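Trainee: Hi! Could you walk me through this one?
Mentor: Happy to, have a look first.
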Amino acid sequence: MRINEHPVLGGYPKGEAVAFTFDGARLSGYAGEPVAMALKAAGVFIHRYTRKNHSPRGIFCAIGRCTDCVMIVNGRPNVRTCITPLAADMDVRTQYGMGAKHAAL
Amino acid sequence: MLQDRTKNTGGFSPAPDDGLIICRCEEITKGEIRRAIQDGLLTLTELRRFLRAGMGLCQGQTCGRLVKSILARELGVPPAALEPVVSRAPVRPVEMQVLARDQEIDHD
Amino acid sequence: MQRCDLIVIGAGPAGLSAAVEAARQGMRVTVYDENARPGGQLFKQIHKFFGSREHKAKIRGIRIGEELLQEASAAGVQVELDAVVTGIFADKEVTVRQGERMLRRKADTLIIATGASENMTSFENWTLPGVIGAGAAQTMMNLHGVRPGEKILMLGSGNVGLVVGFQLLQAGCQVVAVADALPGIGGYGVHAAKLARCGVPFYTAHTIVRAEGVERVTGAVIGAIDQNWHIVPDSEKHFDVDTICLAVGLSPMSRLCGLAGCVMEDNPQKAGLVPVVDALGETSVPGIFAAGDVSGIEEASSAMIEGRIAGLAAAHRMGFMASSALDARLAELTGALASLRAGMFAPGSKGKVFTHTAEGCALSASLLRRGFVADEEIDRYPGVTRARGVHPVLECTQNIPCNPCADACPRQCITVGADGGTITALPVFDAARGCTGCGLCVAACSGQAIFLVDEEAGEITLPYEFLPLPQKGEQGMALGRDGQPVCPAEVVAVRTSAAFDKTNLLTIRVPAEYAGRARFYRKER
């Protein structure tokens, strides 16, 4: 999913390669890029399941407005991953309703 | 502008797309919105308060226009003729703990 | 409480322009923006802008953004990022959320330049991951270097849909189709033509019926709609896609204006609820101005001029600028704004149906419906001529405000609106001045609608902004305006130059009889 070379932009400035976890699995991304981009590049599409209908949601607006992409980041729910910069060893989890999985069930 | 509450809007009749999600945050469907209108909630502000459509995390940024067009169609008026929703601060979601710090920090 | 002379809300093209002008007059200016980076949408706009030299035409949005940031820093503008203005209260007091803090700030004047938000449309399964806004696609690929998907359906054929559609191709994605509920393509014909000659099909008078998939998008179904907006039975078409991109318009993000007590109007010409403003951008609340998309959806070029006007007006209001100095600047800026607000796509032309250009040429029905000018229609436009030797063929068929081609030609071969005419006129080529084939016009055309053609030699030079760049000597296929194969072609030259600014010039040779039809090149045969 990453664009290596772009005809107009050339390359993209990237931060240091870092490891983070998604639902416990180890993934890698670049420090400073939005968490949602690192997830997307790693093939993760579902960020959360909704409270009422338990339906999957992912990136929708990518600029922090729609809040569809919220996840639990370092234990904090409702974090907009599209505008939250990735840092080494971040703990990113799928959000169920307003919190962790057990809370919704 | 005063809403005409005596106007006959025809009552609720089911439609095939009633199950469509309109407000993504609060998961409110088109059918719920149409039914509420036919039950007498005739302004955007009333719909908002009654259904919570547009009161989720995104504060109606995605569905505002969609709800407006549904209301306009049910009432048989152009969308631009509807009274807009009242803007209130904060226009973006702010956690209570951040809002609470307003008083203590910044009176420099 | 901290005070300054002017607070600008939004560091996009309008807000930054306003801040620069005001600060240059000596005002202490603070700009608040909710994003981590300044520039608004400019840094996602990798295409060359329209307009004329005074509007920074033929310069890419990203470059214009960099220039604006340099101007702002040179002028001493303070830009606060990750700073969300959450409210405006009496006496121009604003509350700002920055990080974990709430700040209260006050200024003598306010400029609201919050821009626009994307409209969305609802359909079955539109909440599935893989349904995204066009802005999201732009953010992912142009800022972060991540492809939004591999196979994409674009919904909406306004300029946003067309421009983002082309950018998706540049990012290496496949655009399976562009669909629009309206019977005609909404954006500039030249933008549509760029997609069409790459083989992207257009479905006008079609709407999306549903997204398919359980956990994420795996397909999309569109259908033709009749005059009553009902799906025509048996017209449904399925596409295997992983992404559906929504580009169905923008709305002014004017909530803060309402909160500030500005008189508002719901104006379809301005695409939604906007503050009522005067010629200087001042709202009904004295000292509060609005500039850019928040006061009516237009292009970024117009937003920048509106911003400059509002910034100067704020400076004048507070005594930082004499009336005579303001008037002099206003004359220049309002002139520049007026020239952008002309032509078939001007805000004042919304809802009008055009059948002919101002020159009296019938508009291309094929362009409006299918995204490309048909071969039998193209000769009716004044820029499309035959001449001995190499010469430009200007496939510019609509009145849009743009003249970089005339500006670029070192021999003044190309004229747009002769004798002080308007920049919305169709370009004309004067063979007597002697085209040298330098190609500057081809690279300068923001709509990529200029080709150098040598009919006898069967050589066509076309703009090419994709990777990998074809190699000289390579054999491939020439494609027509409709993106369909026309004939075999050989690449005889590939030119790149700093002056072309990433628009490479590809020269292909085809049998002479195809010189009027071959307009794109593909390596595979």
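Mentor: Let's start with a term: two strands pair if DSSP finds at least two bridges between them. Helices (H or I, at least four residues) and strands (E, at least two) are DSSP runs, numbered from the N terminus. This is a predicted model, where local features need pLDDT of at least 70, side-chain atom pairs count only at pLDDT 80 or more, and totals for chains, interfaces and linings use all residues. Residues are numbered from 1 along each chain as its sequence is written, while chains are lettered from A and ligands numbered from 1 in the order in which they are written.
Trainee: Okay! What stands opposite C:Arg210?
Mentor: That's C:Val221, in E13(C). E13 covers residues 219-224 of chain C and pairs with E12(C) in the antiparallel sense, over six bridges.
Trainee: Which strands form the open sheet, and in what order?
Mentor: The order is E12-E13-E14 in chain C, with antiparallel pairing. E12 (206-212) and E14 (237-239) of chain C each have a single partner strand, so one side of each lacks a neighbour in the sheet.
Trainee: New topic: how is chain C divided?
Mentor: Into domain 1 (2-117 + 251-340), domain 2 (120-248) and domain 3 (376-522); such bounds come from an automatic or database domain assignment.
Trainee: And how many residues of domain 2 of chain C are in contact with domain 3 of chain C?
Mentor: Twelve, and they meet 15 residues of domain 3 of chain C. Contact here means C-beta atoms, placed from the backbone, within 7 Å. Helix H5 (residues 189-196) of chain C gives the most to that side of domain 2, six residues.

Conventions: Two residues are in contact if their C-beta atoms, placed from the backbone, lie within 7 Å.
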